[in-house]
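Here is a short briefing to read with the model open beside you.

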Amino acid sequence: MKILVLMGSPNRKGSTSLLVSEFVRGARDAGHQAEVMDVCHMNIHPCTGCVRCGYEGPCVLKDDVEEIREEILSSDMVVFATPLYYYGMSAQLKTVVDRFCAYNSSLSARHLKSALLTVAWNSDDWTFEALESHYKTLVRYIGLKDMGMVLGYGCGSPAMTKRSPYPAEAYALGRGLMA
Ligand SMILES: Cc1cc2nc3c(=O)[nH]c(=O)nc-3n(C[C@H](O)[C@H](O)[C@H](O)COP(=O)(O)O)c2cc1C
């Protein structure tokens, strides 16, 4: 299947990137086509809330979201990859999610598979409560089919992440995906 990873960390060589690389390696080893969009380094503006799209239609903002829209709608699975920023996803990734507004119905109609890859400094058991809840709510609302989450507790730096079990978990998630 075709998998699109929305890479929501601005650090190209950071901890989120480590999980993304391992997930993609696993998915490709399983025979899937997996691509990464580095959304933090693309030209993406926040939704202005004008709703001229009517929740499904051309957006007044002309930027790289068109490219993302085409990729998502031609994929079978979307992966949200983000560092934990104040207990939510990064603003860069949230900006992409808010822009789903202009293709909300098309996206819901696809019933894509999905996954969450995330890392945080903290390792308290409540670290990912809010993000997990947000992700699960998106899954429910958009009609996605959750294939799994890798919640990287105590992954505050690439060195910490490399020592953790989470890169292997990300690989296993990708490797275990069925067509
Ligand atoms: C703006 C900002 C907010 C953060 N907020 C949290 C947080 O709420 N909880 C936490 O445990 N770590 C937090 N962190 C730490 C990062 O999630 C952690 O260092 C992560 O490994 C960064 O991933 P990256 O290497 O992909 O950038 C924050 C870091 C930044 C820069």
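In which strand is T118 found? T118 is part of β4, the strand that spans residues 113–119. Please keep in mind that this is a predicted model.

**T118 and its surroundings**

- T118 counts as buried because its relative accessibility is 1%, and the cut-off for buried is under 20%.
- The side chain of T118 has a polar atom 2.8 Å from the backbone oxygen of T82.
- Leaving out residues up to four places away in sequence, T118 touches L19, T82, P83, L84, F128, L131, V150, L151 and G152.

**The ligand site**

- The ligand is surrounded by 16 residues, and the closest are S9, N11, T16, N122 and C155.
- Which kinds of residue make up the shell around the ligand? The shell divides into nine nonpolar, seven polar and no charged residues.
- S9 has a side-chain N or O atom 2.7 Å from an oxygen atom of the ligand.
- For N11, a polar atom of the side chain also lies 2.7 Å from a ligand oxygen.
- L84 takes part through its backbone, where a polar atom is 2.8 Å from an oxygen atom of the ligand.
- On its own the ligand has 640 Å² of accessible area, and the protein covers 77% of that.
- L84 is also one of the residues that T118 touches.

**Helix α2**

- Helix α2 runs over residues 65–73, and its buried residues are V65, I68, I72 and L73.
- These four lie on the same side of α2 because they cover an arc of only 120° around the axis.
- As a reminder, an α-helix has 3.6 residues a turn, so residues three or four places apart point the same way.
- Among the elements that cover the buried residues of α2 are β1 (2–7), β2 (33–37), α3 (91–98) and α4 (104–110).

**Helix α3**

- The buried residues here include L93, T95, V96 and V97.
- They pack against β1, α2, β3 (77–83) and α5 (129–142).

- Where is S75 placed? S75 sits in the loop between α2 and β3.
- Is S75 buried or exposed? With 1% relative accessibility, S75 counts as buried.
- Apart from neighbours within four places in sequence, S75 is in contact with K2, L4, R110 and L112.

Note on methods: Residues numbered from 1 in each chain as written. Predicted model: local features only at pLDDT ≥ 70, side-chain atom pairs only at ≥ 80, totals over all residues. Heavy atoms only, no water. Buried < 20%, exposed > 50% of the residue type's maximum accessible area, 1.4 Å probe, protein only. Helix = DSSP H or I, 4+ residues; strand = E, 2+ residues; numbered from the N terminus. Arc of directions from axis to C-beta. Contact = heavy atoms within 4.5 Å. Polar contact = N/O pair within 3.5 Å; in protein donor to acceptor, adjacent residues only side chain to side chain. Near = heavy atom within 4 Å. Areas by Shrake-Rupley, 256 points an atom, 1.4 Å probe, with all protein chains shown as cover. Nonpolar A, V, L, I, M, F, W, Y, C, P; charged D, E, K, R; others polar.
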